[in-house]
Amino acid sequence: ADMRARWPVSLKADCARLLEAAMVFTTVISSFIQLALALVLPVAWWAVATRRRVEFATWIGLVVPEWKARRQRLVLALMVWAVVAVLSVVLLSSAAGGTASSRFAGSGIYGAIAVLFYAFIQTGLSEEILFRGFLGKKLSEKFGFGVGNTVQAVVFGLVHVILLSSAFTLIPLIGAGVLTAVSGWIMGWVNEEAAGGSILPSWMMHSLANLLVGWGAVLGFLA
């Protein structure tokens, strides 16, 4: 620490920029690794169950939405989801142990770039393929949309409870799990009941929410 304190200011700045650039590189790598891991089970299931008669993108829901829900119901669902997202951000801002986006805190332009990969690939795309694209669709085919969508949402919430267990005490942790599950349920409804089975809407919703949280950390608004 004493040696670093005596480093020239320019050298300190260069080292800081190098570390920020390295963060972008590691985030890009980890984003595509997580996407690959999220694809393992869905791709294996698709290959066995369909014998590749249907394109994987179509099977998983990576298709252009075909909107079919009444506009009023869709707008109401999006408004409720937005409220849940805001409450989630408020809760995350109180996290004592840090969250996944905490590593971007105060990281400047390099951090803002890294957050794009984190939000749209590492979390948004990976989790939507696994939860809404695979788990929700397969369960809905077997047990109906009501059961399938609810189960995927609960699992989605429980996974986030595990991931956030070190950041919250019990009551806030339960709140985070409930909010995440509600968000997952609404995103599943938008996909299946409003967008004709496309997971693109939930990918955008999920990614934008995480993008705002990540950029909030970059700008110092969130821990």
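Hi everyone, this is a short walk through one protein model, from the overall build down to a few residues.

Before we start, a word on the ground rules: the model is predicted, so local features need pLDDT of at least 70, side-chain atom pairs count only at pLDDT 80 or more, and totals for chains, interfaces and linings use all residues. Residues are numbered from 1 along each chain as its sequence is written, and side-chain values use heavy atoms, with hydrogens and water left out.

Let's begin with the whole thing. The protein has 8 helices and 0 strands; helices here are DSSP runs of H or I with at least four residues, strands are E runs of at least two, and numbering goes from the N terminus. The C-alpha trace spans about 65 × 40 × 30 Å along its principal axes. Of the 223 residues, 41% are buried, where buried means under 20% relative accessible area, exposed means over 50%, and partly exposed is in between, using a 1.4 Å probe and protein chains only. Among contacts (heavy atoms within 4.5 Å) with a separation of 6 or more, 78% are between residues 24 or more positions apart.

Now to helix α4, residues 71-93. Its 23 residues reach 33 Å from first C-alpha to last, close to the 33 Å expected; that expected span is 1.5 Å times one less than the number of residues. Buried in α4 are L74, A77, W81, V84, A85 and L91. As a reminder, an α-helix has 3.6 residues a turn, so residues three or four places apart point the same way. And what covers those buried residues of α4? The cover includes α7 (170-194) and α8 (200-218).

Staying with α7, look at how α6 (residues 145-163) packs on it. The angle is about 145° and the axes are 7 Å apart; axes are lines fitted to C-alpha atoms, for helices over the stretch in contact, with angles running from 0 to 180 degrees between N-to-C directions. On the α6 side, the residues in this contact include F145, F156 and H160, and they meet a set in α7 that includes L173, W185 and M187. The contact residues divide into 10 nonpolar, 9 polar and 2 charged. Here Ala, Val, Leu, Ile, Met, Phe, Trp, Tyr, Cys and Pro count as nonpolar, Asp, Glu, Lys and Arg as charged, and the others, Gly among them, as polar.

Is H206 buried or exposed? At 6% relative accessibility, H206 counts as buried. The H206 side chain makes a polar contact of 3.1 Å with the side chain of E127 and another of 2.6 Å with that of E128. A polar contact is a pair of N or O atoms within 3.5 Å; within protein, one must be able to donate a hydrogen and the other to accept it, and residues adjacent in sequence count only if both atoms are side-chain atoms. Leaving aside neighbours within four places in sequence, H206 also touches W81, F156 and M187, among others.

I121 sits in helix α5, residues 108-143, and is buried at 14%. I121 and S31 are 90 residues apart in sequence, yet 5.7 Å apart in space, C-alpha to C-alpha.

Last stop: the loop between α2 (9-49) and α3 (56-60), where we find R51. R51 is not a glycine, but has a positive phi of about 50°, and R51 is exposed at 67%. R52 lies in that loop between α2 and α3 too, with a positive phi of about 65° and 61% relative accessibility, which counts as exposed.
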